[in-house]
Amino acid sequence: MEKNLAKTYSPKDFEDRIYQSWEENKAFHAEVDENKKPFTIVMPPPNITGQLHMGHALDQTLQDVLTRWKRMQGYSALWLPGTDHASIATEVKVVEKIRAEEGKSKEDLGREEFLKRAWAWKEEFGGRINKQIRKLGSSCDWDRERFTMDEGCNKAVVEHFIRLYNKGLIYKGNRIINWCPVCGTSLSDAEVEHEDKPGKYWYFRYPAADGGEGIVVATSRPETMFGDVAIAVHPSDERYKDMVGTNVILPLVGREIPIIADQYPDPEKGTGAVKITPSHDPNDFEVGQRHNLEQLCCINPDATMTDMAGKYAGMDRYECRKAWVKDLEEAGYLVQIEEKVIPSGECYRCHNVIEPMISDQWFVAMEELAKPAIEVAKNGELTHVPDRFEKIYLHWLEEIRDWCTSRQLWWGHRIPAYYCDKCGEMVVAAEMPEVCPKCGDTHFHQDEDVLDTWFSSALWPFSTLGWPEKTKDL
Ligand SMILES: [Zn+2]
Ligand SMILES: [Zn+2]
């Protein structure tokens, strides 16, 4: 009998059939085996925001090659698949879908109804991604498929949060954070994209309270002037030495603010004098802490101006900037405009300009946590390939600031903190407490925020293998 191969190879005649047979025969299933060495890759979970792209195809192929190679060498080789809930990215997509299809906002739906839609999204796109992974022929163990918001991961997140909190490594506080006015949430430093853009520096005169000339200050964000609480100069700056301790007047506003001496201003930059707006700038926030200055918010979370801005209250930040600069110019306070390249921070999701803002958020204290991670790189226990990445890694960890880990979103792991309805006492616990330890009341409400996606991503290699239980797999 004669058998001829087809002239061209048609993958669809083979691939699905072969993959199905692999899957049915559990060819990629792995268990702990006393007689075999383990080899494990936990798949970096693709986001359920859409579908896989070429980058995933490359990354999946590399993992597949390594896993198949080790499997053939006789290891008990596990490649554990899964997907990531991608809090902010997915929430943005679900919000868009609801708006397009139903003309409603997430607030119109309410938290519970919104979460139902988000889970439906997960089913649809998570399912599509899994089909794509199968199409790639990936040899992962589908019996062990996980999701960053499944029961096991959820348990790990809550446990980890409570442990860090009890060690004093998680705290709640009013600090300056990156705020995206469009997404309506805080962002971590890593979620802000920095770019230098052409912009302007406006030089304004703040007249002295005693009727003198006063001081000239340059700013790229004049709309934040309503939140000014001081003017800072460097202690070594001879030009301003005699002015330290005197007051100037905030132009048109009329409020008196002091001139203070601090290490922060660079005498070489601008006029050497800087306005201090602790509520809207991270450096100014630190100056404010050092000098015990007030914090005045002049921009709302939706990027409109607060009542602090007087007649400009309610205006968008950039509309206000235009009107305010014009009024200052007409009143004779504008000294000069300088065209300059300005560092700009943008939201990695919607690319709108980030507003640094004082906000009550949850933070992970990073200094102690970074120490062992720096140590292992320095003593060679941890190596980077290629090794030039070690420099970036160390720079990142040595300069690290506390991580703002709460997000004003609904899709994600809700923060396990509960507040007494009566006295406001906060209890961090896995379950809603029954009795308030302070006043004995029995009514609580849970913190409204969810955790940054990376809080669960960081636990992914452990939570997928059973942590916090001490499992054999782990
Ligand atoms: Zn945004
Ligand atoms: Zn209470």
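I began with the domains and found that the centres of domain 1 and domain 3, taken over C-alpha atoms, are separated by 49 Å. The assignment for the protein chain, with bounds from an automatic or database domain assignment, gives domain 1 as 11–142, domain 2 as 164–189 + 355–457 and domain 3 as 192–347.

I note that this is a predicted model, in which local features need pLDDT of at least 70 and side-chain atom pairs count only at pLDDT 80 or more, while totals for chains, interfaces and linings use all residues. Residues are numbered from 1 along each chain as its sequence is written, and chains are lettered from A and ligands numbered from 1 in the order in which they are written.

**Helices H3 and H5**

I looked up how helix H3 (residues 87–102) packs on helix H5 (residues 111–135), and found an angle of about 105 degrees with the axes 10 Å apart. Helices here are DSSP runs (H or I, at least four residues) and strands are runs of E (at least two), numbered from the N terminus; axes are lines fitted to C-alpha atoms, for helices over the stretch in contact, and angles run from 0 to 180 degrees between N-to-C directions. H3 and H5 are therefore roughly perpendicular to each other, a label that covers 65 to 115 degrees. H3 brings Thr90, Val94 and Ile98 to the contact, and H5 brings Arg117, Ala118 and Trp121, where contact means C-beta atoms, placed from the backbone, within 7 Å.

**Cores**

I then listed the largest nonpolar core, which has 45 residues, and Val94 and Trp411 are among those touching the most other members. Such a core is a set of buried Ala, Val, Leu, Ile, Met, Phe, Trp, Tyr and Cys residues joined through C-beta atoms within 7 Å, and buried means 20 or more other C-beta atoms within 10 Å of the residue's own (exposed, 12 or fewer; partly exposed, in between). H3 and H5 are among the elements that give two or more residues to this core. Not counting residues up to four places away in sequence, Trp411 touches Thr90, Val94 and Ala118, among others.

I found glutamine 51 in the loop between strand S1 (38–42) and helix H2 (54–72), exposed, with 12 other C-beta atoms within 10 Å. Its contacts, not counting residues up to four places away in sequence, are Arg128, Ile129 and Gln132.

How values were computed: Angles under 35 degrees count as roughly parallel, over 145 as roughly antiparallel, 65 to 115 as roughly perpendicular and the rest as oblique. Two residues are in contact if their C-beta atoms, placed from the backbone, lie within 7 Å.
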